[in-house]
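Me: I am new to this structure and would like to learn how to read it. Could you walk me through a few features?

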Amino acid sequence: MTLPAFGHLAADRGIRVAEPIGRIVSIDKGRHLIVGQREGKGKTSDLVLIGKCLEHSKVADRYDWNVWLDTSFPHVVFIAGTRGSGKSFDIGVLVEGLLLPPSSNVRTDGPAPAVVLFDLQNQFWTLARAPDADLEEDRNHVKGLDAWGLKPGRLDAVRLFIPPADPKLIGSEQELAIATTDLTVDDLCSFWSLDRYTPQGNLLAMAWQKVAQTGYVATGNGPNREGGPRQVDPSESFELGDIIACLSTDQEIQETIASQVIDALRWRVQSLERVGIFRATGLPVRDLISEGKATILLLRSLDDPTKALISGLLLRKIYTVMGDHHTRRRALRRLKRPQDGKDSLPNRVWAVVDEAHVVCPTDRDSPATRSVTEYVKRGRDAGLSLVLATQQPSAIDSKVLSQVDLALIHRLTFEGDISAALARIPSYLPGRYTIGTSQKEPRAIIRLLESGEAVLGDSQADRAFIVQVRPRLTAHGGSEPR
Ligand SMILES: Nc1ncnc2c1ncn2[C@@H]1O[C@H](COP(=O)(O)OP(=O)(O)OP(=O)(O)O)[C@@H](O)[C@H]1O
Ligand SMILES: [Mg+2]
């Protein structure tokens, strides 16, 4: 298909690089660059418009060329930048590009994936709204769309989930409920920074096993042990309250474990129970991932470890379900049997985590780091992409970042963050830039970028280049308060 035409960059920043962007897929007619394309070089399906090339080079100048991302292969996208540099905006650009119809011009044809967005600041519900020229904060936004020849848009298929204790923001949010049985003892140990082999860690494993697998004998719980002893059978769908009951009444625990240890663990379990998300039955993960739909988890009210616990757990469920789905598809293909669509799952999932340093930090053991690492490792086989955005590139676990194949680095100011971000650009960075008449090193350029401008590094291209990210078609929920 012929790719659409757009308006032009408004102001030339006069950024120049001596060497051209050599090895990159380009379509001269209409002036398009395609990043992230591993196979079928030059194919035009499954593309999402990212923005335009903002730099000049002496030969083969690509200034103002449209930059598209091929989304037919799984990607690990890393977005870094200081406050207000455009990270959340990029996430909006990517998500709407994955899900809007091709008539929006920001996406070409091809099956839409499912998107699951871990929204740690409750700002992405606006994907379901078009920018509104009557609102002061949206006025420039609408003008920017006009300049690019784009029309405002909104996503129809957005589902919002919110912790049960939170007041609803929009009214259409559903309660976020996760089955307690989806938690593991290891999840909870890292959530509470407990070594599994400490008295509390050991007691947790013991109680979990009794409630889930073996059952136990409960003493009565009154001062004279009224009502006991009685047998409590194991359960396939239990609640945190059942773990608390086991800690309080199991005969063996009462007789062999020090009461301070029991109390300390019980208080921990009780405080997690009060969050209200972990239930006897939870939302099936299949309900969170459906083709062409965005699921947005509004997690702002939770503390950081709980955000990480929930994100890690859901990512694990997604890679397990999607891994099984693709194993089955591959087997049917090899056996030359028709794909029966029995499991009604999408073939591709994009998980998106804004403020990713909360979910997989370098400095502490987060329950999610293992899941995120595993998600990324299995991604290629299971059709899984991941987008991670952060203000602190040095604060994200390096096991995760070593898998990045596409980076968008916005303005950064601190030396440590610049070094950490540059180390994660999966392609060569030019040694020298010129702006106007002055020569700048890449580090200086990163300090000078304006909101919405970024260095784009793609493992498929021979060097990184500077882009202007396109305007969003949907409303941006992250603007400053008025
Ligand atoms: N591509 C863009 N085009 C036009 N304006 C943009 C673009 N990207 C960002 N902006 C402007 O910059 C503002 C801040 O962007 P954004 O909310 O994405 O910042 P952020 O990097 O996520 O910051 P924080 O770390 O504080 O969350 C936006 O409200 C918008 O006005
Ligand atoms: Mg943001």
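**Around the ligand**

Reply: Gladly! Let us start with a polar contact, meaning a pair of N or O atoms within 3.5 Å. Here an N or O atom in the side chain of His476 is 2.8 Å from an oxygen atom of ligand 1. Taken alone, ligand 1 exposes 630 Å², and the protein buries 77% of that (Shrake-Rupley areas, 1.4 Å probe). This is a predicted model, where local features need pLDDT of at least 70 and side-chain atom pairs count only at pLDDT 80 or more, while totals for chains, interfaces and linings use all residues. Side-chain values use heavy atoms, without hydrogens and water, residues are numbered from 1 along each chain as its sequence is written, and chains are lettered from A and ligands numbered from 1 in the order in which they are written.

Me: Which atom of Lys87 lies 2.6 Å from an oxygen atom of ligand 1?

Reply: A polar side-chain atom of Lys87 does. For Val469, a backbone N or O atom lies 3.1 Å from a nitrogen atom of ligand 1.

Me: How many residues surround ligand 1?

Reply: Being near a molecule means having a heavy atom within 4 Å of it. For ligand 1 there are 17 such residues, with Gly84, Lys87, Ser88, Phe89 and Gln391 the closest.

Me: Is Ser104 buried or exposed?

Reply: Buried means under 20% relative accessible area, exposed over 50%, and partly exposed in between (1.4 Å probe, protein chains only). Ser104 counts as buried because its relative accessibility is 15%. The side chain of Ser104 also reaches the backbone oxygen of Pro101 at 2.7 Å.

Methods:
Polar contact = N/O pair within 3.5 Å; in protein donor to acceptor, adjacent residues only side chain to side chain.
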